[in-house]
Amino acid sequence: MVVSVKVFKKATPNGKVTFYLGRRDFIDHLDYCDPVDGVIVVEPEYLKNRKVFGQLATTYRYGREEDEVMGVKFSKELILSREQIVPMTNPNMEMTPMQEKLVRKLGSNAHPFTFHFPPNSPSSVTLQQEGDDNGKPLGVEYTIRAFVGDSEDDRQHKRSMVSLVIKKLQYAPLNRGQRLPSSLVSKGFTFSNGKISLEVTLDREIYYHGEKTAATVQVSNNSKKSVKSIKCFIVQHTEITMVNAQFSKHVAQLETKEGCPITPGANLTKTFYLIPLAANNKDRHGIALDGHLKDEDVNLASSTMVQEGKNTGDACGIVISYSVRIKLNCGTLGGEMQTDVPFKLLQPAPGTIEKKRSNAMKKMKSIEQHRNVKGYYQDDDDNIVFEDFAKMRMNNVNMAD
């Protein structure tokens, strides 16, 4: 069986400069981050003694574009890395295997480049907009771009500039650990003796996207009140550090009266299952998603991970966390009692069985679609498949005049 290697490409509007990337997703391993390695092809007669410069930039949009009036901007762009690609300033640059393969195939006009993410740079996150909102998405987005000019400070013309949107993501650690997160709370009532105790335990600390979360609920009613119903939620907590804003959204929920009412002196132990999925939260304003380029591979935003010894409060960008929330309805006079149990929601790391299962499911869904897509062609000589970035969401890239 011959395995094809997919390579993404995009050309400038005048077709003189073309970007080639072997992947769109670059992984933050906490102690290091994958470099952005690719190849650029430029027609030498077009340069006319000019140069090609490259940039790795991030755009942090924290407000709606339509609300930008009187010169007020709700976005900030930062250039994280820049270099001269053509002619190369470092002819002895060590190339990755993918770059070597592309340079051999594309010929003498192919020039490799490498950009590096700064330490502690945030992950790609998009805040979902309402269905009729066509403005630029809120969140953190990364772009690599190249342009032709005499110097790095030259005005960038759209006709000779190419931009590609990429993603910076985090994967779950290889070992999910043995810890079972839990929470125990109790509630007393005015003018009534005794308390209701609620204990919630999860079956693991780290879940992969698409997995069931299992929450075991234990209720001990030593009061004179009754528990009328039980509500279960998975809550996505979002912190936008630039404006110091925080909000929470329910991404999965259920309510049940099974086993209720829990009368005075009675106990209940029951396990509830919930699956947090982006597909079940479409068009819900404010839901955080992993920065996505295609709808078919979108996930809820992964939990923000930091290096051991550091606090998530020190993270920048958009900080994501999750919890299972259990609420007990104790009647009109008794009110509600609730507790939250935090957990992590992440993508499985490459090489794990879970990742292979996830990839297999995605391939099953998209194999027919890819057969009919006209945006790529296959080269049988070395099994490289080129896919145009034009097939992706590129209209929102902020390009300078």
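Ser303 is buried, with a relative accessible area of 4%, where buried means under 20% relative accessible area, exposed over 50% and partly exposed in between (1.4 Å probe, protein chains only). The structure is a predicted model, in which local features need pLDDT of at least 70 and side-chain atom pairs count only at pLDDT 80 or more, while totals for chains, interfaces and linings use all residues. Residues are numbered from 1 along each chain as its sequence is written, and side-chain values use heavy atoms, with hydrogens and water left out.

Ser303 is located in the loop between strand 18 (288-290) and strand 19 (318-329); helices (H or I, at least four residues) and strands (E, at least two) are DSSP runs, numbered from the N terminus. Beyond its neighbours within four places in sequence, Ser303 is in contact (heavy atoms within 4.5 Å) with Gln170, Ile320, Tyr322, Phe343, Lys344, Leu345 and Leu346.

The protein chain as a whole contains four helices and 22 strands. Of its 401 residues, 47% are buried. Among the contacts with a separation of 6 or more, 68% are made by residues 24 or more positions apart.

In soluble globular proteins, nonpolar side chains tend to be buried together. A nonpolar core is defined here as a set of buried Ala, Val, Leu, Ile, Met, Phe, Trp, Tyr and Cys residues joined through side-chain atoms within 4.5 Å. The largest such core in the model has 67 residues, and those with the most contacts inside it are Ile40, Ile144, Ile166, Val219, Tyr322, Ile326 and Leu328. At least three residues of this core come from each of domain 1 (3-169) and domain 2 (180-344), the domain bounds being taken from an automatic or database domain assignment. Apart from this core lies another, of seven residues, including Val7, Tyr20, Ala110 and Ile384.

Val219 illustrates the surroundings of a residue in the largest core. When residues up to four places away in sequence are not counted, Val219 touches Ile196, Ser197, Leu198, Val227, Ile262, Ala266, Asn267, Leu268 and Leu328. Ile196 belongs to strand 12 (residues 192-202) and is buried, with a relative accessible area of 0%. Cys330 is 134 residues from Ile196 along the chain, and the C-alpha atoms of the two are separated by 9.3 Å.

A further buried position is Thr256, at 14% relative accessibility, which lies in strand 16 (residues 245-256). Thr256 touches Ser229, Ile230 and Phe272, not counting residues up to four places away in sequence. Rings of Phe, Tyr and Trp (its six-membered ring) pair if their centres lie within 6.5 Å; planes under 30 degrees apart count as stacked, over 60 as edge-to-face and the rest as tilted. By this rule there are seven aromatic pairs, and Phe19, Phe113 and Phe115 form one aromatic cluster. A charge sits over a ring if NZ of Lys or CZ of Arg is within 6 Å of the ring centre and within 35 degrees of the ring normal. The charged end of Arg50 sits over the ring of Tyr46, 4.9 Å from its centre, and that of Lys270 sits over the ring of Phe272, 5.9 Å from its centre.

Most residues other than glycine have a negative phi, and most peptide bonds are trans. A cis peptide bond joins Val86 and Pro87, with omega about -10°; Pro87 is in the loop between strand 6 (75-86) and helix 2 (97-106). Another cis peptide bond joins Cys260 and Pro261, with omega about 0°, and Pro261 lies in the loop between strand 16 and strand 17 (267-274). Asn49, which is not a glycine, has a positive phi of about 70°. Asn49 is exposed at 81% relative accessibility, in the loop between helix 1 (44-47) and strand 5 (51-61).
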